[in-house]
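Subject: Structure for you to look at

Dear colleague,

Please find the structure below. My notes on it follow.

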Amino acid sequence: MLKQRIITAVVLLAILLPALFYPSPLPFGCVMLVLIAAATWEWGRLNGYSSRMSLFFGVEMALLCVLSWWLGLLERPLLIVWIIASAAWVLGGAALLRAAVPGWPRVPRGLRLVGGMLVLWVAWLAVVKARMEGVNFLLSILVLVWVADVFAYFAGRAFGLRFTRGKLAPSISPGKSWEGVWGGMLGVVVLALAWVWADAAARAGVASLYTRLAERGWWLLLIGVLFLAAMSVVGDLVESLVKRSAGAKDSSALLPGHGGVLDRVDALLPTLPIAMMLAFL
(Lines give C-alpha, C1' and ligand atoms only; values in the text may rest on other atoms or scores of the structure.)
Protein backbone atom coordinates (compact mmCIF):
# COMPACT_ATOMS: atom_id res chain seq x y z
CA MET A 1 0.00 0.00 0.00
CA LEU A 2 2.78 2.44 0.92
CA LYS A 3 4.60 1.69 -2.33
CA GLN A 4 1.40 2.30 -4.29
CA ARG A 5 0.85 5.62 -2.52
CA ILE A 6 4.39 6.78 -3.26
CA ILE A 7 4.26 5.79 -6.93
CA THR A 8 0.86 7.45 -7.41
CA ALA A 9 2.04 10.63 -5.68
CA VAL A 10 5.19 10.80 -7.82
CA VAL A 11 3.20 10.33 -11.04
CA LEU A 12 0.67 12.99 -10.04
CA LEU A 13 3.39 15.48 -9.14
CA ALA A 14 5.19 14.77 -12.41
CA ILE A 15 2.01 15.76 -14.24
CA LEU A 16 0.74 18.57 -12.03
CA LEU A 17 3.91 20.54 -11.31
CA PRO A 18 4.97 21.20 -14.94
CA ALA A 19 1.36 22.15 -15.77
CA LEU A 20 1.13 24.42 -12.72
CA PHE A 21 4.32 26.35 -13.45
CA TYR A 22 3.95 26.50 -17.24
CA PRO A 23 3.75 30.17 -18.35
CA SER A 24 0.29 29.66 -19.83
CA PRO A 25 -2.63 28.37 -17.70
CA LEU A 26 -3.77 26.16 -20.60
CA PRO A 27 -1.94 22.93 -19.57
CA PHE A 28 -3.07 23.29 -15.95
CA GLY A 29 -6.64 23.89 -17.06
CA CYS A 30 -6.54 20.74 -19.20
CA VAL A 31 -5.16 18.62 -16.34
CA MET A 32 -7.87 19.95 -14.02
CA LEU A 33 -10.48 19.24 -16.70
CA VAL A 34 -9.45 15.56 -16.78
CA LEU A 35 -9.52 15.33 -12.98
CA ILE A 36 -12.94 16.99 -12.71
CA ALA A 37 -14.33 14.71 -15.43
CA ALA A 38 -12.99 11.71 -13.47
CA ALA A 39 -14.55 13.08 -10.28
CA THR A 40 -17.87 13.40 -12.11
CA TRP A 41 -17.67 9.73 -13.13
CA GLU A 42 -17.09 8.87 -9.48
CA TRP A 43 -20.02 11.04 -8.44
CA GLY A 44 -22.35 9.23 -10.79
CA ARG A 45 -21.32 5.84 -9.44
CA LEU A 46 -21.67 6.97 -5.81
CA ASN A 47 -25.24 7.97 -6.60
CA GLY A 48 -26.23 4.62 -8.02
CA TYR A 49 -25.69 5.14 -11.75
CA SER A 50 -24.00 2.51 -13.88
CA SER A 51 -20.35 2.87 -14.81
CA ARG A 52 -21.31 3.51 -18.46
CA MET A 53 -23.85 6.19 -17.56
CA SER A 54 -21.36 7.74 -15.13
CA LEU A 55 -18.78 7.84 -17.92
CA PHE A 56 -21.32 9.74 -20.00
CA PHE A 57 -21.68 12.25 -17.16
CA GLY A 58 -17.90 12.62 -17.06
CA VAL A 59 -17.80 13.36 -20.79
CA GLU A 60 -20.61 15.87 -20.33
CA MET A 61 -18.60 17.62 -17.64
CA ALA A 62 -15.52 17.79 -19.86
CA LEU A 63 -17.60 19.29 -22.67
CA LEU A 64 -19.18 21.80 -20.27
CA CYS A 65 -15.76 22.95 -19.10
CA VAL A 66 -14.46 23.24 -22.67
CA LEU A 67 -17.57 25.19 -23.67
CA SER A 68 -17.17 27.50 -20.67
CA TRP A 69 -13.57 28.19 -21.70
CA TRP A 70 -14.51 28.73 -25.35
CA LEU A 71 -17.30 31.15 -24.39
CA GLY A 72 -14.81 33.23 -22.41
CA LEU A 73 -16.27 32.66 -18.94
CA LEU A 74 -12.76 32.50 -17.48
CA GLU A 75 -12.09 36.01 -18.73
CA ARG A 76 -14.98 37.39 -16.66
CA PRO A 77 -14.99 38.24 -12.93
CA LEU A 78 -17.69 35.61 -12.15
CA LEU A 79 -18.26 37.21 -8.74
CA ILE A 80 -21.96 36.28 -8.79
CA VAL A 81 -20.98 32.65 -9.39
CA TRP A 82 -18.64 32.66 -6.37
CA ILE A 83 -21.29 34.28 -4.16
CA ILE A 84 -24.03 31.83 -5.15
CA ALA A 85 -21.69 28.85 -4.80
CA SER A 86 -20.49 30.05 -1.39
CA ALA A 87 -24.04 30.55 -0.11
CA ALA A 88 -25.06 27.15 -1.46
CA TRP A 89 -22.16 25.47 0.32
CA VAL A 90 -22.86 27.17 3.65
CA LEU A 91 -26.61 26.54 3.62
CA GLY A 92 -26.60 23.23 1.78
CA GLY A 93 -23.65 21.87 3.72
CA ALA A 94 -25.32 22.71 7.03
CA ALA A 95 -28.57 21.06 5.93
CA LEU A 96 -26.83 17.90 4.71
CA LEU A 97 -24.73 17.51 7.86
CA ARG A 98 -27.80 18.02 10.01
CA ALA A 99 -29.74 15.37 8.07
CA ALA A 100 -26.65 13.10 8.25
CA VAL A 101 -26.36 9.79 6.40
CA PRO A 102 -30.08 8.80 6.58
CA GLY A 103 -31.08 12.09 4.97
CA TRP A 104 -29.01 11.71 1.82
CA PRO A 105 -31.13 8.99 0.11
CA ARG A 106 -34.23 11.14 0.65
CA VAL A 107 -32.82 13.76 -1.74
CA PRO A 108 -34.04 12.92 -5.30
CA ARG A 109 -31.28 11.18 -7.21
CA GLY A 110 -31.52 13.55 -10.17
CA LEU A 111 -31.11 16.54 -7.87
CA ARG A 112 -28.09 14.91 -6.23
CA LEU A 113 -26.51 14.30 -9.62
CA VAL A 114 -27.08 17.81 -10.97
CA GLY A 115 -26.07 19.44 -7.70
CA GLY A 116 -22.81 17.50 -7.59
CA MET A 117 -22.02 18.28 -11.21
CA LEU A 118 -22.60 21.99 -10.62
CA VAL A 119 -20.28 21.88 -7.60
CA LEU A 120 -17.55 20.22 -9.67
CA TRP A 121 -18.01 22.64 -12.58
CA VAL A 122 -17.73 25.68 -10.29
CA ALA A 123 -14.65 24.15 -8.64
CA TRP A 124 -13.03 23.79 -12.08
CA LEU A 125 -13.87 27.40 -12.94
CA ALA A 126 -12.44 28.55 -9.60
CA VAL A 127 -9.18 26.60 -9.74
CA VAL A 128 -8.40 27.62 -13.33
CA LYS A 129 -9.39 31.23 -12.65
CA ALA A 130 -7.10 31.20 -9.60
CA ARG A 131 -4.25 29.89 -11.76
CA MET A 132 -4.88 32.72 -14.21
CA GLU A 133 -4.42 35.14 -11.30
CA GLY A 134 -1.02 33.63 -10.60
CA VAL A 135 0.73 30.59 -9.14
CA ASN A 136 1.29 32.30 -5.78
CA PHE A 137 -2.41 33.09 -5.47
CA LEU A 138 -3.51 29.56 -6.37
CA LEU A 139 -0.96 27.87 -4.11
CA SER A 140 -2.04 29.99 -1.14
CA ILE A 141 -5.53 28.46 -1.46
CA LEU A 142 -4.40 24.90 -2.05
CA VAL A 143 -1.83 24.91 0.76
CA LEU A 144 -4.42 26.26 3.20
CA VAL A 145 -6.51 23.12 2.75
CA TRP A 146 -3.47 20.83 3.05
CA VAL A 147 -2.20 22.60 6.18
CA ALA A 148 -5.66 22.50 7.77
CA ASP A 149 -5.84 18.77 7.10
CA VAL A 150 -2.33 18.02 8.43
CA PHE A 151 -2.72 20.13 11.58
CA ALA A 152 -6.17 18.64 12.19
CA TYR A 153 -4.77 15.13 11.93
CA PHE A 154 -1.94 15.66 14.41
CA ALA A 155 -4.03 17.78 16.79
CA GLY A 156 -6.73 15.13 16.74
CA ARG A 157 -4.20 12.39 17.45
CA ALA A 158 -2.61 14.34 20.29
CA PHE A 159 -5.60 16.03 21.92
CA GLY A 160 -8.73 14.27 20.60
CA LEU A 161 -11.54 14.21 23.22
CA ARG A 162 -9.31 15.80 25.89
CA PHE A 163 -11.29 19.04 25.92
CA THR A 164 -14.64 17.91 24.53
CA ARG A 165 -16.90 14.98 25.30
CA GLY A 166 -18.11 14.17 21.82
CA LYS A 167 -16.71 13.61 18.36
CA LEU A 168 -17.23 16.13 15.59
CA ALA A 169 -19.58 13.97 13.49
CA PRO A 170 -19.49 10.38 14.79
CA SER A 171 -22.15 9.04 12.41
CA ILE A 172 -20.38 10.48 9.37
CA SER A 173 -16.66 10.42 10.14
CA PRO A 174 -15.91 8.81 13.52
CA GLY A 175 -12.22 9.69 13.40
CA LYS A 176 -12.71 13.47 13.45
CA SER A 177 -12.70 15.46 16.68
CA TRP A 178 -13.33 19.10 17.59
CA GLU A 179 -9.74 19.32 18.80
CA GLY A 180 -8.65 18.39 15.29
CA VAL A 181 -10.76 21.20 13.83
CA TRP A 182 -9.25 23.72 16.25
CA GLY A 183 -5.76 22.47 15.44
CA GLY A 184 -6.44 22.92 11.73
CA MET A 185 -7.67 26.46 12.32
CA LEU A 186 -4.56 27.31 14.33
CA GLY A 187 -2.43 25.93 11.52
CA VAL A 188 -4.03 28.08 8.82
CA VAL A 189 -3.71 31.24 10.92
CA VAL A 190 0.03 30.62 11.31
CA LEU A 191 0.27 29.82 7.60
CA ALA A 192 -1.54 33.03 6.60
CA LEU A 193 0.64 35.28 8.77
CA ALA A 194 3.82 33.61 7.51
CA TRP A 195 2.69 33.91 3.88
CA VAL A 196 1.86 37.62 4.23
CA TRP A 197 5.34 38.18 5.66
CA ALA A 198 6.92 36.13 2.84
CA ASP A 199 5.00 38.06 0.17
CA ALA A 200 6.28 41.34 1.60
CA ALA A 201 9.86 40.09 2.03
CA ALA A 202 10.01 38.67 -1.50
CA ARG A 203 8.04 41.57 -3.00
CA ALA A 204 5.84 39.04 -4.71
CA GLY A 205 4.64 40.12 -8.13
CA VAL A 206 1.37 38.27 -7.59
CA ALA A 207 -0.24 38.69 -4.18
CA SER A 208 -1.44 35.62 -2.33
CA LEU A 209 -4.98 35.28 -1.04
CA TYR A 210 -3.69 36.20 2.44
CA THR A 211 -2.01 39.41 1.34
CA ARG A 212 -5.14 40.48 -0.53
CA LEU A 213 -7.23 39.96 2.59
CA ALA A 214 -4.67 41.58 4.91
CA GLU A 215 -4.56 44.70 2.72
CA ARG A 216 -8.27 45.19 3.49
CA GLY A 217 -7.82 44.53 7.21
CA TRP A 218 -6.17 42.01 9.49
CA TRP A 219 -9.56 41.19 10.94
CA LEU A 220 -10.70 40.09 7.47
CA LEU A 221 -7.62 37.90 7.08
CA LEU A 222 -8.30 36.17 10.39
CA ILE A 223 -12.02 35.65 9.77
CA GLY A 224 -11.41 34.62 6.17
CA VAL A 225 -8.87 31.88 6.86
CA LEU A 226 -10.86 30.50 9.80
CA PHE A 227 -13.97 30.40 7.62
CA LEU A 228 -12.09 28.63 4.83
CA ALA A 229 -10.67 26.08 7.26
CA ALA A 230 -14.16 25.39 8.61
CA MET A 231 -15.60 24.97 5.12
CA SER A 232 -12.80 22.59 4.14
CA VAL A 233 -14.04 20.37 6.99
CA VAL A 234 -17.60 20.67 5.64
CA GLY A 235 -16.45 19.55 2.19
CA ASP A 236 -14.67 16.55 3.70
CA LEU A 237 -17.68 15.58 5.82
CA VAL A 238 -20.17 15.92 2.97
CA GLU A 239 -18.15 13.54 0.81
CA SER A 240 -17.84 11.11 3.73
CA LEU A 241 -21.61 11.30 4.18
CA VAL A 242 -22.20 10.42 0.53
CA LYS A 243 -19.73 7.52 0.65
CA ARG A 244 -21.33 6.12 3.81
CA SER A 245 -24.74 6.30 2.21
CA ALA A 246 -23.40 4.46 -0.84
CA GLY A 247 -21.57 1.91 1.32
CA ALA A 248 -18.22 2.84 -0.25
CA LYS A 249 -14.89 3.27 1.51
CA ASP A 250 -13.40 5.37 -1.32
CA SER A 251 -14.96 7.29 -4.17
CA SER A 252 -13.11 4.96 -6.59
CA ALA A 253 -9.75 3.24 -7.08
CA LEU A 254 -8.52 5.60 -9.80
CA LEU A 255 -5.56 6.71 -7.67
CA PRO A 256 -3.93 3.53 -6.31
CA GLY A 257 -3.20 3.89 -2.61
CA HIS A 258 -5.10 7.18 -2.44
CA GLY A 259 -8.66 6.19 -3.35
CA GLY A 260 -10.42 8.36 -5.89
CA VAL A 261 -10.22 11.93 -7.18
CA LEU A 262 -13.11 13.05 -4.98
CA ASP A 263 -11.26 11.71 -1.94
CA ARG A 264 -8.39 14.06 -2.73
CA VAL A 265 -10.36 17.19 -3.67
CA ASP A 266 -13.40 17.05 -1.36
CA ALA A 267 -12.12 19.77 0.99
CA LEU A 268 -11.23 21.99 -1.98
CA LEU A 269 -14.72 21.95 -3.49
CA PRO A 270 -16.14 24.56 -1.08
CA THR A 271 -12.91 26.44 -0.35
CA LEU A 272 -12.05 27.30 -3.95
CA PRO A 273 -15.19 29.36 -4.79
CA ILE A 274 -15.31 30.83 -1.27
CA ALA A 275 -11.67 31.93 -1.56
CA MET A 276 -12.44 33.55 -4.91
CA MET A 277 -15.38 35.36 -3.38
CA LEU A 278 -13.31 36.63 -0.44
CA ALA A 279 -10.50 37.78 -2.73
CA PHE A 280 -12.64 39.73 -5.18
CA LEU A 281 -15.75 40.78 -3.27
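Buried is used here for a relative accessible area under 20%, exposed for over 50%, and partly exposed for anything in between (1.4 Å probe, protein chains only). This is a predicted model, in which local features need pLDDT of at least 70 and side-chain atom pairs count only at pLDDT 80 or more, while totals for chains, interfaces and linings use all residues. Residues are numbered from 1 along each chain as its sequence is written, and side-chain values use heavy atoms, with hydrogens and water left out. Helices (H or I, at least four residues) and strands (E, at least two) are DSSP runs, numbered from the N terminus.

Backbone angles: most residues other than glycine have a negative phi. Leu78 has a positive phi, near 60 degrees. Leu78 lies in the loop between helix H3 (51-70) and helix H4 (79-103) and is buried, at 11% relative accessible area. Ala100 also has a positive phi, near 60 degrees, but is placed in helix H4. Ala100 is buried too, at 14% relative accessibility.

Glu239 belongs to helix H9 (residues 218-246). With a relative accessibility of 6%, Glu239 counts as buried. Apart from neighbours within four places in sequence, Glu239 is in contact (heavy atoms within 4.5 Å) with Ser251, Leu262, Asp263 and Asp266.

Strands: E1 (residues 167-169) and E2 (residues 173-177) pair in the antiparallel sense over two bridges, where pairing requires that DSSP finds at least two bridges between the strands. Ala169 has Ser173 in E2 as its bridge partner. The two strands form a hairpin, with three residues between them.

Regards
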